[in-house]
Amino acid sequence: MNKVMELLKSHTSVRKFTDKLVDEKLLHQIIQSSQYASTSNHIQAYTIIRIKDQDKKKTLAQLSGNQPYVEDCPIFLVFCADLNRLEKACTMNNETIESNSTEVFIMATVDTALVAQNIMVAAESVGLGGVYIGGIRNNPQDICDLLQIPHHVYPVFGMCLGYPEKTNGTKPRLPLSLVLKEDTYSTDGDEEQLKEYDDLISDYYKERTNNKRSNTWSEGIATFLKAKQRPHMKAFLQSKGFEMK
Ligand SMILES: Cc1cc2nc3c(=O)[nH]c(=O)nc-3n(C[C@H](O)[C@H](O)[C@H](O)COP(=O)(O)O)c2cc1C
């Protein structure tokens, strides 16, 4: 494996940061290089809001389900899928944006995720660490009010970045044979492989928590997905103009 692959394989989410500040020029270099992420039709349908105001970070930490690292991290970014700018581009050319399609929603959301993951990797390449914060979708309207996020824009997730104080060992991922299929979507042998992966994850948690936690992966998934996740999202997205027709 080359250095890029080794870096990708060393990723772990970081939730504890030192007080060391991140150089502004370095942050801009990370973001500017990450803007070269592929983007559907070159629409670049995202905006990143960097939160400098400490009171806002405190509120965001609470609104994200009381995640203290949102307040404590040196850099907090809110990633928004953004059709507002595209609307302007259309108006400049005397056209009206067809913003209400499911396809446009997917494009903007995927663009946002691609640039964010570039930022995470670029940050890790210079010794920073971070964690995504999907918790900002717990209270998306409050977040829009706080950050004055306009119509046709929605906050997809946040990201904490900083110099790691504590890093965990990497979390084992699913075996390649489960996530990579050839020619057809065959599920032969999936259950046995899932059981093996359950054992692996269970051992990982036992070691990481001194035997206090031994959940399997499938148990975690079942507990998580038996509840409807963020049922407010559909109405919220529609209210922001993402009608998904
Ligand atoms: C879109 C997205 C949202 C996430 N939201 C949160 C979050 O709100 N809080 C948190 O602590 N971790 C969050 N995570 C981090 C995941 O829990 C983490 O990536 C996953 O457990 C794998 O662990 P690892 O990143 O350490 O390998 C999020 C990750 C993604 C991709």
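In what sense do strand S3 and S5 pair, and over how many bridges? In this predicted model, the pairing is antiparallel and runs over 8 bridges. Strand S3 covers residues 75–82. Across this pairing, alanine 81 stands opposite tyrosine 154 of S5.

S5 also pairs with strand S4, which spans residues 129–133. The sense is again antiparallel, here over 5 bridges. Valine 131 has cysteine 160 of S5 as its bridge partner.

The surface was examined next. Arg15, Lys16, Lys166, Lys171, Arg173, Arg208 and Arg213 form a positive surface patch. One of these residues, arginine 173, sits in the loop between strand S6 (164–166) and helix H8 (176–179). Its relative accessible area is 54%. Arginine 173 therefore counts as exposed, the cut-off being over 50%.

Asparagine 94 is exposed, because its relative accessibility reaches 73%. Methionine 244 is placed in the segment after helix H11, which covers residues 233–239. Its relative accessible area is 29%, so methionine 244 is classed as partly exposed. Asparagine 94 is thus exposed, whereas methionine 244 is partly exposed.

Helix H6 spans residues 102–125 and includes serine 125. With a relative accessible area of 48%, serine 125 is partly exposed. The value falls between the limits of 20% and 50%, which means that serine 125 is neither buried nor exposed. Serine 125 was also compared in position with lysine 3. In sequence, 122 residues separate the two. In space, their C-alpha atoms are 9.7 Å apart.

Technical notes: Residues are numbered from 1 along each chain as its sequence is written. This is a predicted model: local features need pLDDT of at least 70, side-chain atom pairs count only at pLDDT 80 or more; totals for chains, interfaces and linings use all residues. Side-chain values use heavy atoms; hydrogens and water are left out. Patches are made of residues with over 30% relative accessible area and no salt bridge: like charges are joined within 9 Å, nonpolar side chains (Val, Leu, Ile, Met, Phe, Trp, Tyr) within 5 Å. Accessible areas come from the Shrake-Rupley method with a 1.4 Å probe; for residues, only the protein chains shown count as cover. A salt bridge is a side-chain nitrogen of Lys or Arg within 4 Å of a carboxyl oxygen of Asp or Glu. Lys and Arg count as positive and Asp and Glu as negative; His and the chain ends are not counted. The place of a charge is taken as NZ of Lys, CZ of Arg, CG of Asp or CD of Glu. Helices (H or I, at least four residues) and strands (E, at least two) are DSSP runs, numbered from the N terminus. Buried means under 20% relative accessible area, exposed over 50%, partly exposed in between (1.4 Å probe, protein chains only). Two strands pair if DSSP finds at least two bridges between them.
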